Structures are given as C-alpha cells and as structure tokens.
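Subject: Structure handover

Hello,

Here is the structure I said I would pass on. Please look through it first; my notes on what was found come after it.

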Amino acid sequence: MIPPHQAHAKFQRGRKVQGVNRYDPWCELETDEVSEQPRRIEPGRFLVGRIEQAFIRDYNTRMPAGIGGFGCDDLLFQETTLRMDRGTSPQIRYLRCFAPYAHCRFGPPLAPQQMQWVLGSGLLLTPEETARKAKLPR
C-alpha cells in the first residue's frame, strides 16, 4: 500500500515502515504518481530494465560519497536501484535498496537474498528463469 500524498513505500526488516533506521538496510518502492488516497499496487510481474549502483553520502539528496570528502565517523550507503522496464511496468518506477556502512568499512551492495529479507513476503524478487520454471503469471 502506498500512503496518501506519497509516491513510495519503505520496507525494512521484512515489513512496510513509515520511517527507517538508517543503520539497517532498507528499500523503497517508487511509483509514478502521488494520490490523495492510499493506493495498492496490484499483484503482477514487474521486469527490471536496468540496475544501477552507487556509494552515496546522503540518501535524501543522493550525494555521491566522493564529493566533499568523508571521515570514518561518517555513515555511507551502497545504493542499488532496480529500474523497472517502462513497457512492462508502467506504474512502478524503481525499487531502490540501501546498505549502510560505517567506520570506513565498505562492502558490496545488498544481494538479492538480502533484499528479499528487507522486503518480506509482500514483494517477491524472482530471477526470470525461476519465474518461468514456476510458471508465474506475466
């Protein structure tokens, strides 16, 4: 469910949340429209058109980590954006996930299994070949 007056929903620790703990991984599902009423995303298969990754300093402004320098006390984020194919997924813009890193310890972006843990069972990530074998609806 997308809250009223918003275009996105946030997920953390397997459930939808209003606000996030920025020290734990989280994901945001972004839609194309803002409505005065809550909106439900109907079940379907949303194909990923492009995957983007970046280290950022601030998840609101998406400022790259390399701008302005940073210290080991700063929290940085490994951002992974799954941009949906606009031809097959017109209502969903992207799924963006954040992996926080601190104390100058950096790591990889969230793996698909980690993203699934963050999202919970309400939104399933399935590779195309697995979806075909399971005969998931298109």
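Is tryptophan 26 buried or exposed? Tryptophan 26 counts as buried, because its relative accessibility is 0% and the limit for buried is under 20%. Please keep in mind that this is a predicted model.

Aromatic rings

The structure holds three aromatic pairs. In one of them, the ring centres of tryptophan 26 and phenylalanine 77 are 5.6 Å apart and the planes stand at 75 degrees, so this pair is edge-to-face. Tryptophan 26 belongs to strand E3 and phenylalanine 77 to strand E6 (residues 76–84), so the pair ties together parts that are 51 residues apart in sequence. Phenylalanine 77 is buried too, at 1% relative accessibility.

Tryptophan 26 also pairs with phenylalanine 98, and here the rings are stacked, with 4.7 Å centre to centre and 25 degrees between the planes. Phenylalanine 98 has a relative accessible area of 1% and is buried. Through these ring pairs, Trp26, Phe77 and Phe98 are linked into a cluster.

A separate contact involves a charge: the charged end of arginine 96 sits over the ring of tyrosine 94, at 4.1 Å from the ring centre.

Disulfide

A search of the whole structure finds one disulfide. The partners are cysteine 27 and cysteine 97, with sulfur atoms 2.0 Å apart. The link is right-handed, with 105 degrees about the S-S bond. Cysteine 27 is buried at 0% relative accessibility, and cysteine 97 is buried at 1%.

Exposed residues

Histidine 5, in the segment before strand E1 (8–12), has a phi near 65 degrees, a positive value in a residue other than glycine. Histidine 5 is exposed, with a relative accessible area of 57%. Arginine 13, in the loop between E1 and strand E2 (15–17), likewise is not a glycine and has a positive phi of about 55 degrees. Arginine 13 counts as exposed at 53% relative accessibility.

Proline 43 lies in the loop between strand E3 (26–31) and strand E4 (48–58) and is exposed, with a relative accessible area of 65%. The C-alpha atoms of proline 43 and leucine 123 are separated by 8.9 Å, while the two residues are 80 residues apart along the chain.

Regards

Methods: Residues are numbered from 1 along each chain as its sequence is written. This is a predicted model: local features need pLDDT of at least 70, side-chain atom pairs count only at pLDDT 80 or more; totals for chains, interfaces and linings use all residues. Side-chain values use heavy atoms; hydrogens and water are left out. Helices (H or I, at least four residues) and strands (E, at least two) are DSSP runs, numbered from the N terminus. Buried means under 20% relative accessible area, exposed over 50%, partly exposed in between (1.4 Å probe, protein chains only). A disulfide is a pair of cysteine sulfur atoms within 2.5 Å. Rings of Phe, Tyr and Trp (its six-membered ring) pair if their centres lie within 6.5 Å; planes under 30 degrees apart count as stacked, over 60 as edge-to-face and the rest as tilted. A charge sits over a ring if NZ of Lys or CZ of Arg is within 6 Å of the ring centre and within 35 degrees of the ring normal.
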